[in-house]
Amino acid sequence: MTSYTVINPATAEPVTEVHLASLEETDALVERAHAAFPAWRAMAPGERAALLRRFASVVDAHIEELAEIEVRNAGHTWGNATWEAGNVRDCLNYYSATPERLFGRQIPVPGGIDVTFHEPLGVVGIIVPWNFPMPIMAWGMAPALAAGNTVVLKPAELTPLTAIRIGELALEAGLPEGVLTVIPGKGSVVGERFVTHPLVRKVAFTGSTAVGKRIMAGCAEQVKRCTLELGGKSANVIFADADLAKAAASAPYAVFDNAGQDCCARSRILVERPAYDEFLGLLETAVKNMAVLDPQDRSSEMGPLISAQQREVVQGYLEGVDVAFTGSAPDGNGFWVPPTVVLAESTDQPVWREEVFGPVVAVLPFDDEAEAVAMANDTEYGLSGSIFTGDVGRALRVARGIEAGNLSVNSNSAVRYWTPFGGFKQSGLGRELGPDAPNAFTEEKNVFIADGS
Ligand code: NDP
């Protein structure tokens, strides 16, 4: 029997042991999910909707408990962890409207009428990373279940605890056995089996671009559907006519939230040259004021990195670069790196080009709108980004010019369950969230009905 010792990243202390599923156990659970599919699919839509709403209510009654688990397992701040548990509830409630609104179309055709149906796929495999264990679980699970699929879900090895608990809460809410199955295990065992198992009809993956490419290639073998939410190197573009105080006050949270372990992190700041010095001065004050504390302290605004290995990767990006200033970080055994602002020397530097996935942001000036758009687009990624300007027309032009799936104007907000989320270029494939998300877990079927003419 293989197990994994979950570590508290704020203290490096062990939290608990988690059993890792073997290949045989994974296969048995996929088969159980397959067996649960016909009844789940056939359930009256109103009943399936009621069960999802009950699931949301049970999650709501356990927000504090789930948040407490995430603070210990992932080092998330209390504020973030509470929001994340609430996001699971909100996604379940939002998609509970789906079963009763999964409409097809009627298309008049010569000789009759064609009607279309959105048919669920069967068993859907969801692979979740360690950076936002609860929300990313919900963004796949809620629309997939609502559309009538059963779900097998693999949490990241580092952060399985909230997923395991949410799986128990689903049963408590009355979801039938096998409808949602959380399978803790290794990516190379459980995750890969979702790709190769013929009964898993779609894989929804969030994680690194390298593993995402492998999953896409593996799915091609069976022409299996996949959604990929991958990395990012998003730009925060600050024009000189922006409210600089507002832009600088929010910029640290746009990149250092969750210690920078966020695919939407605005880890490149581009500032129009006339505003460069003033913006950096304001940014320094904001960064130094961030409360980087043990997440058990409810006033903490930033916690540790997830693992010693992740800290090593992040520190590697800081070797030989020009650090303008840093915030603070606690001493001790946790995996701490202070929020760090780097003055990039060129757009070729790894800290400017690569996804650091830590509390590091690189800054460069630009001279005009065209240069800002070109610099923002000079990356293999295209996930997110922000534009700060007082000129609405420019905001629109630059937003249309930047090749990224999710942009904010005069705001750093990133993901909302009401709106589609996903990437351009190597940031991913397909969209999650928004009103159409359940359709991504269905196939559209057309049925022609002859009128006898
Ligand atoms: P991975 O892409 O390796 O892990 C993400 C998930 O995929 C985990 O559940 C992992 O399982 C699983 N997995 C790993 N290998 C396979 C495989 N061959 N087949 C199927 N599933 C697999 O990310 P890392 O944890 O290694 O993080 C590395 C880097 O990736 C980060 O530094 C960051 O740059 C990026 N990243 C981006 C994320 C995003 O939100 N876009 C999220 C996480 C990471 P297991 O935990 O067992 O390895």
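So, which side chain has an N or O atom 3.1 Å from an oxygen atom of the ligand? That's N131. I'm using polar contact for a pair of N or O atoms within 3.5 Å; within protein, one must be able to donate a hydrogen and the other to accept it, and residues adjacent in sequence count only if both atoms are side-chain atoms.

Quick housekeeping. This is a predicted model, where local features need pLDDT of at least 70 and side-chain atom pairs count only at pLDDT 80 or more, while totals for chains, interfaces and linings use all residues. Numbering starts from 1 along each chain as its sequence is written, and side-chain values use heavy atoms, with hydrogens and water left out.

S208 puts a polar side-chain atom 2.6 Å from a ligand oxygen, and L230 has a backbone N or O atom 2.8 Å from a ligand nitrogen. The elements giving two or more residues to the shell are α7 (187–196), β8 (200–206) and α8 (209–220); those are DSSP runs numbered from the N terminus, helices being H or I with at least four residues and strands E with at least two.

In total, 27 residues surround the ligand, meaning a heavy atom within 4 Å. V128, W130 and G187 are among the closest. By class we get 11 nonpolar, nine polar and seven charged, with Gly counted as polar.

Zooming out, the chain has 14 helices and 18 strands. Its C-alpha atoms fill a box of roughly 75 × 60 × 40 Å along the principal axes.
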